[in-house]
Amino acid sequence: MYTHLNTDFGGLSLTSPVIIGACPMTMNEQTRVAMQNAGAGAIVLPSLFEEQVIKWSVEIGRALTGRERRILNSADASRHNWACPNAESYLALVNRASSMLNIPVIASLNGYTAGGWMDFAGELQEAGAAAIELNVYHSRAREYKSSAEIETTILDAVRDVNAAITIPLFVKLGRNFTSIPHIARQLQSGAQGLVLHGRAPTVDICLDSLKLASRWRLTSSESEMDALDSLLQVHGFCPAMPLAASGGIGHADHLIKALLAGADVAMVTSAIYREGPDVIRSLLDGLTVFLDRHQMKSLRDLQTQRPLEFTDDQERSAYIAALTKRLEAIDSEGAAHVLHSDRWGHPTTH
């Protein structure tokens, strides 16, 4: 249907650059088929968590490390939120999804350390996964001696999992690193692609109970992509690393900007929750119109327009201009209204 939109991501041949991100929606068989029919290039299944892999390790008789035992002891607190009840069910899901679809099915693992992932990654490959997405999560700073130790833990896990499989391994990184381009370059020896960025639930404080809460919300269709800068930086620093944009891909303009910034593909989730699988067609139709308007015959033609990047002087100048513009906008409003705030930080006018 979109033959001119064929692309490659880390060794996977895709019929389009739109990948469905990991989410519970992809558990449903009819929904997966609808996503494929709408033009999705690949589908990522919901994450299987390290706690579940550790339980599987116990069942097959593998000895656990002390850290794995601590993770297992706290597993009951999150059990009711697991999309798939256990590792065996997840393997069955991978097998059924991959056998029924004509597009690649990507398994997703989410956890702290390598541990039993090496063994289980091989099981996922045997079950039919075309690739594995490793969503690396690291706990609070007090668990590590330095930021370098966090990165070393991630690099070790990626190396170990990659050594256990022959299918592509994609690493999904959050935003909280000192320099994502530098860790991206280090990951080139173990990962076949990066996903930027993995979203995390936002932390909130209940003012009645004075307790913390984690909340997950869909990204707004009107919000701007906040991964463009990271995509530009990583692509400029290590252009050989295949990239997937993730977070805030709500309409065709977002998809096009992500591809121009250096992404090979874009992962879409919130837009499908809001509008259903047909939004995939809207994204691809918009991309097709853009290519036609600029007399581009394929995504390869679009990629020749990269890299788009500021020089050091331009970047600094643009940064200052953006801040100055914001201040001027507030200042001009202040001529008519003096802004104040109440004790909760809400603006009031006088």
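Let's start with a charge over a ring. The charged end of R185 sits over the ring of F237, 3.8 Å from the ring centre. The rule here: NZ of Lys or CZ of Arg lies within 6 Å of the ring centre and within 35 degrees of the ring normal.

A word on the model. It is predicted, so local features need pLDDT of at least 70 and side-chain atom pairs count only at pLDDT 80 or more, while totals for chains, interfaces and linings use all residues. Numbering runs from 1 along each chain as its sequence is written, and side-chain values use heavy atoms, with hydrogens and water left out.

Next, aromatic pairs. A search of the whole structure gives 2 of them. The rings of Phe, Tyr and Trp (the six-membered ring for Trp) pair if their centres lie within 6.5 Å; planes under 30 degrees apart are stacked, over 60 edge-to-face, and the rest tilted. One of the pairs is W56 with F120. This pair is edge-to-face, at 5.0 Å centre to centre and 75° between the planes. Where do the two partners sit? W56 is in helix α2, residues 50-59, and F120 is in helix α5, residues 117-127. That puts them 64 residues apart, so the pair links distant parts of the chain. Helices here are DSSP runs of H or I with at least four residues; strands are E runs of at least two; both are numbered from the N terminus.

Buried means under 20%, exposed over 50%, partly exposed in between, with a 1.4 Å probe and protein chains only.

Now salt bridges. The count is 6, where a side-chain nitrogen of Lys or Arg must be within 4 Å of a carboxyl oxygen of Asp or Glu. Take E133 and K172: their closest N and O atoms are 3.9 Å apart. E133 lies in strand β6, residues 131-136, and K172 in strand β7, residues 169-173, so the bridge ties together parts 39 residues apart in sequence. Both ends are buried: E133 at 1%, K172 at 10%.

E68 and R62 form another bridge, at 2.9 Å. Here E68 is buried at 2%, but R62 is partly exposed at 22%. Then D278 and R281 meet at 2.7 Å, N to O. D278 is partly exposed at 48%, and R281 is partly exposed at 29%. There is also a network: D156, R159 and D160 are joined by salt bridges that share partners.

Cysteines, briefly. The structure holds 0 disulfides, the test being two cysteine sulfur atoms within 2.5 Å. C84 is buried at 5%, and C238 is buried at 3%.

Last, the nonpolar cores. A core is a set of buried Ala, Val, Leu, Ile, Met, Phe, Trp, Tyr and Cys residues joined through side-chain atoms within 4.5 Å. The largest has 83 residues. Which residues have the most contacts inside it? They are L124, L173 and L187. Helix α11, residues 279-293, gives the most to this core, with 7 residues. Beyond its neighbours within four places in sequence, L124 is in contact (heavy atoms within 4.5 Å) with Y90, L91, V94, A107, L109, A129 and I132. A second, separate core has 13 residues, including L14, I106, A131 and A244.
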